[in-house]
Amino acid sequence: MATQTLTIDGKLVTARPEDTILSASKDAGIDIPTLCYLDGLSAHGGCRLCMVEVGSQNRLLPACTTPVREDMNVSTSTPRLVEYRRMIVALLLAERNHVCSVCVANGHCELQSMAYALGVTHVRFEYLSPELPVDVSHDRYGMDHNRCILCTRCVRACDQIEGAHTLDVMGRGVNSRIVADMNQPWGDSVTCTSCGKCVQACPTGALFRQGSTVAEMEKDRTMLQFLVTAREKKQWLV
Amino acid sequence: MDLQDLRELAEKERRSQAPRSIRCCVAAGCTSANSMAVLDNLQQAVQDAGLKDKVHVSPVGCLRLCCEGPLVATDPDGHLYHKVAPGDAEAIVAGLGNGGFAARRGDAASPFFALQASVVLDNCGHVEPERIETYIARDGYTALFKVLREMSPPQVVDEVTRSGLRGRGGAGYPTGVKWSMVAKNQGDRKFVVCNADEGDPGAFMNRSLLESDPHKVLEGMAIAAYAVGASSGYIYVRGEYPLAIARLKTAIKQAGRLGLLGTHRCNSPFDFRIDIRIGAGAFVCGEETALMASIMGERGLPTPRPPYPAEKGLWGCPTLINNVETFANIPAIMRQGADWFAGIGTDSSKGTKVFCVTGKVKNTGLVEVPLGTPLRTIVEDIGGGVPGNGRIKAVQTGGPSGGCIPAQHLDTSVDYEALGQLGSIMGSGGMIVMDEGTDMVDVARFFMTFCMDESCGKCIPCRAGTVQLTHLLTRIIDKVATPQDLELLESLCDMVKNASLCGLGQTAPNPVLSTLRYFRDEYTSRLRAGGVVRRALALPLVSLS
């Protein structure tokens, strides 16, 4: 199939037939906010931050999973979308205990920078303040459920890139939790290879390296894309 | 088996029927009221009276008036007995042919029965769900033979399209269009899936149908498989329906043994096997993409559509997913023709619909009426209105995805469009009647709590949004909410509705929106004055580079 042309935010852009609205926008230098999407992993469609308006259609579409079509007219940041995004980030901040000042990821957190970028200065929702454990049974890494936003990047990295599928989600709704193996302490997991890809993928301070200072807690989020490109295209692009 | 064998089997079964019969309901409702003991005693009483050759006692499916169960009917007397105790068996047998047993006799000609129409439920309460012969004796599986011998797959699809049948699971998508999509999509394999994951509070249509007449659903699926070119099918039943599962298993086994399902079914070159998959209690698995994930052995999480199941469904193959009741309509359409079916109902909503009338209403049970019947007829004439001369305040349709229709709109015709205009939906058929004493905000909170508990947790608007909506509704009920809370409730409803991933989240705000639309004063009268409650954010006040 031939290349497609479409309009994103009034700008005429080209896209490969296999592109999604998100990847086409990225190529064209148009930034669509995301939290659960990460280059190198399959699209999840869960955070709903990348919702865009297409044409005069009232139904919003997630940019990360919607394929491009010829002559599509996409708007990525109408007032309605921005308002929804603010509300989604506020919902996340109220859902668990996101206390940046005492968080290991302070300054390197995607949720934090997203809140700043969208101008979320106050939360009108009730803080749920759940009591959640921190799992530091692993030798090198830790899992703090208080900071988890359930984006499942770690689950997908573990399954799709490392192939271990140590991590998964248990429970449902607001009670969902990331678990190692059959919900046992991470350190007791027999499948974990300690590769740390989950830690690199995590957008917040939910997964962290033990022994690193806050200033050192920078994560390499391009690592997964690098691995995928190396494996599939045999190209070592840094 | 070929058509001749089928006809002979039907004839044999009809000949063997005794001149008199006593039908005892053994669907879940009556069974839980001890109808199995009633059945045993009836059989014993017939034997004791020496009437074994003259009277046949049959365990049948739902006799519809569930609130009066255990129900027993006698033929050809036409009596219907209510709340039959095991001890009544002898009196019922003694009353055969001579006026019946007055103490338990109900009115079989009451509006509850007289105003109903039967297409989907025509066998319910007549066939024995665990004996395929009784289904065959009532022209069962003749539609399948007709289709396999006389029609091409496109003709079958065309017949369904012309009938105007729309999906009975809730959304009302034209069934013929769905079949046509699956038929036209290319794939190495294709699947037919029956969605029997009925989870709406107060809805038991599919359960009753599967417990009463499982073969009708199997026949509908077999016809669909031929039309779209599928060779295997799944019935996804929720685990909470053990009786339906057991009867389906028996039915599949019996149909397979007679060569009606399986390899070279009905002596034709076509194969079709059906397997049962049992749900583990997640409401979200009624959503088709989550249902497919569950069938494939994965976590029951929805995925964004497109791709639709008709294009990429089970294991990436084109998959047809229809509701139990949709499949149950198919044999009748094939036997009696699309024009006959299209003659029932309204211009855009054809055929009949089964509803479960429950709540503050005299006659609770299973009701089948032509689409376009006024809501008032269903709840006041058939349902008998509120017990003790109370007044109806609202009728909730469509379960947690639907809305409340207030009493002033009771004359609305029950069809897909009219219910949609009122801010509710047809849904799968739950119909909960509420009287004047009902607190509508509490109703909204009940459904929101349900959605919160059943949210899968994949997308944020549904996972975290339903929790906050429940909290806001609780604040309103506790009279601590401010006008700003109500404003926040409305804007959050808007976001959850538009940004959620699947139907569960997208429709979760509907009960709130519809009660706000018709009973806004119940919300506003509980608000207290006050400013915006803003919670300080725990983000540090340093700028990030």
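Modeller: In this predicted model, 32 residues of chain B are in contact with 38 residues of chain A.

Colleague: Which elements give two or more residues to the side of chain B that touches chain A?

Modeller: They are the helices α18 (440–454), α19 (460–477) and α20 (483–499), together with the strand β14 (535–536), of chain B. With eight residues, α19(B) gives the most to that side.

Colleague: How do the residues of this side of chain B divide into nonpolar, polar and charged?

Modeller: The side of chain B that touches chain A has 21 nonpolar, six polar and five charged residues. As a general remark, the size of an interface is often given as the accessible area lost when the parts come together.

Colleague: Let us turn to domains. Into which domains is chain B divided?

Modeller: The assignment gives domain 1 (18–108), domain 2 (140–342), domain 3 (352–430) and domain 4 (440–524) of chain B. The centres of domain 3 and domain 4 of chain B, taken over C-alpha atoms, are separated by 23 Å. Nine residues of domain 3 of chain B are in contact with 15 residues of domain 4 of chain B.

Colleague: Which strand gives the most to the side of domain 3 of chain B that touches domain 4 of chain B?

Modeller: Strand β12 (residues 403–406) of chain B does, with three residues. By class, that side of domain 3 of chain B holds three nonpolar, six polar and no charged residues.

Colleague: How is one to read a pair of helices, such as α18(B) and α22(B), and at roughly what angle do their axes cross?

Modeller: One reads the angle between their axes. The axes of α18(B) and helix α22 (residues 510–518) of chain B come within 8 Å and cross at roughly 170°. Angles over 145 degrees count as roughly antiparallel, and α18(B) and α22(B) are therefore roughly antiparallel to each other. The crossing of α18(B) past α22(B) is left-handed.

Colleague: Which residues make the contact?

Modeller: From α18(B) come Met440(B), Val441(B), Val443(B), Ala444(B), Phe447(B) and Met448(B), while α22(B) supplies Pro511(B), Val512(B) and Thr515(B). The residues of this contact divide into eight nonpolar, one polar and no charged.

Technical notes. Residues are numbered from 1 along each chain as its sequence is written. Chains are lettered from A and ligands numbered from 1 in the order in which they are written. This is a predicted model: local features need pLDDT of at least 70, side-chain atom pairs count only at pLDDT 80 or more; totals for chains, interfaces and linings use all residues. Two residues are in contact if their C-beta atoms, placed from the backbone, lie within 7 Å. Helices (H or I, at least four residues) and strands (E, at least two) are DSSP runs, numbered from the N terminus. Ala, Val, Leu, Ile, Met, Phe, Trp, Tyr, Cys and Pro count as nonpolar, Asp, Glu, Lys and Arg as charged, and the others, Gly among them, as polar. Domain bounds come from an automatic or database domain assignment. Axes are lines fitted to C-alpha atoms, for helices over the stretch in contact, and angles run from 0 to 180 degrees between N-to-C directions. Angles under 35 degrees count as roughly parallel, over 145 as roughly antiparallel, 65 to 115 as roughly perpendicular and the rest as oblique. A crossing is left-handed if the near helix is turned anticlockwise from the far one by less than a right angle, and right-handed if clockwise.
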